[in-house]
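Here are some notes to read alongside the model, written as a colleague would jot them down. Please keep the viewer open as you go.

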Amino acid sequence: MRNISLLLISLVIISCSRKNDKQISASGTIETTEVTVSAKVGGQITKLLVNEGSSVKPGDTLVFLDRTELDIQLDQAVANTAAADAQYKLTVKGAREEDITQAEATLKNAEDDLNRTEGLLKEGSITQKQLDDARTRHILAKQNYDKLKRGSRPEEIDAARARRDQAVAQVKAIKKKIEDSFVVAPVNGVITQKAVEEGEVVMPNASLFRISRLNKVHLVIYVSEEELARVKLGQEAKVYIDAEPKKPFMGKVIYISSIAEFTPKNVQTKEDRTKLVFGVKIEIPNPEQTLKPGMPADAIIEVNHK
């Protein structure tokens, strides 16, 4: 009878040893990739469209911020752009024909006046000072006529173009702020944290929501150095949760830590917490969103042998 008992115990030990040799089992907690949604511009929340638990997809509007001041700034920027564009066109076109004609007439009068003054000086009817004044008026009239005739200098045209482009850029910047006053979801997921309420005033870059991406979740488990040698990237894993203990959720190993660490504090015994282990991350498709962040789960990694 004793021999039979010893044989049964030996078979159990051998069976357990073989099972452990083919599988690695460990426990952990379901985690998700979380995305923090922040306000790009500041303002008062005029409408809040989601709550915690709401499912969202990329482009869904989450919050409307007050844009009254931005609309006023846009009107001002558009008017400045129109003025800058008109000034640029005037600079490129140069003086008007009537201005050139008037300058030409002024030059002609100055020339005639200079000729008369020179004749009067020879007769002794005027002083040298009067002749010098006439020459000065002629020089100024000639310079003004030549300037209008040549048109704007290249540097003046470049400066006018730069002012116009700056005004256009200002319009684009304000339009972008207006677009950002509609806060949208950047990813698929579920709102798991809401940090604001309707009517609150938020500052730029303030955190508004946290979105958990539930279409794929992951489970981090910890294995010993001996088990680490048998874990490979891409290996299949079965994940079980307490709510459905007989239904395996299929996953695969996507990350193996190369740095040893002490077992996390949430492990039950102090003895286990002092062991050095290696983190292994398992990715699990979750199309029905059955797996939720924070759920305890057990994983079994199938070990391949050659």
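The points below take up charged side-chain pairs and then backbone angles.

1. A word on the source before anything else: this is a predicted model. Please read each value that follows as computed from that prediction.

2. How many salt bridges does the count come to? The total is 12.

3. Lysine 57 has a relative accessible area of 49%, so it is classed as partly exposed, just under the 50% cut-off for exposed. Aspartate 60 is partly exposed too, at 22%, where the cut-off for buried is under 20%.

4. Next, have a look at helix H2, which spans residues 68-93 and holds both lysine 89 and aspartate 85. These two residues are four apart, about one turn of the helix, and their side chains meet in a salt bridge at 3.3 Å, N to O. Is lysine 89 buried or exposed? Its relative accessibility is 53%, so it counts as exposed. Aspartate 85, with a relative accessible area of 23%, is partly exposed.

5. Helix H4 (residues 128-150) contains lysine 129 and aspartate 133, again four residues apart and about one turn of the helix. The salt bridge between their side chains has an N to O distance of 2.9 Å. Lysine 129 counts as exposed, because its relative accessibility is 53%, while aspartate 133 is partly exposed at 30%.

6. Now for the backbone. Most residues other than glycine have a negative phi. Asparagine 205 has a positive phi, near 75 degrees. You will find asparagine 205 in the loop between strand E7 (201-202) and strand E8 (207-223). With 62% relative accessibility, asparagine 205 counts as exposed.

7. Where does glutamine 289 lie? Look in the loop between strand E12 (276-285) and strand E13 (296-302). Glutamine 289 also has a positive phi, near 55 degrees, and is not a glycine. At 27% relative accessibility, glutamine 289 counts as partly exposed.

Methods
Residues are numbered from 1 along each chain as its sequence is written. This is a predicted model: local features need pLDDT of at least 70, side-chain atom pairs count only at pLDDT 80 or more; totals for chains, interfaces and linings use all residues. Side-chain values use heavy atoms; hydrogens and water are left out. A salt bridge is a side-chain nitrogen of Lys or Arg within 4 Å of a carboxyl oxygen of Asp or Glu. Buried means under 20% relative accessible area, exposed over 50%, partly exposed in between (1.4 Å probe, protein chains only).
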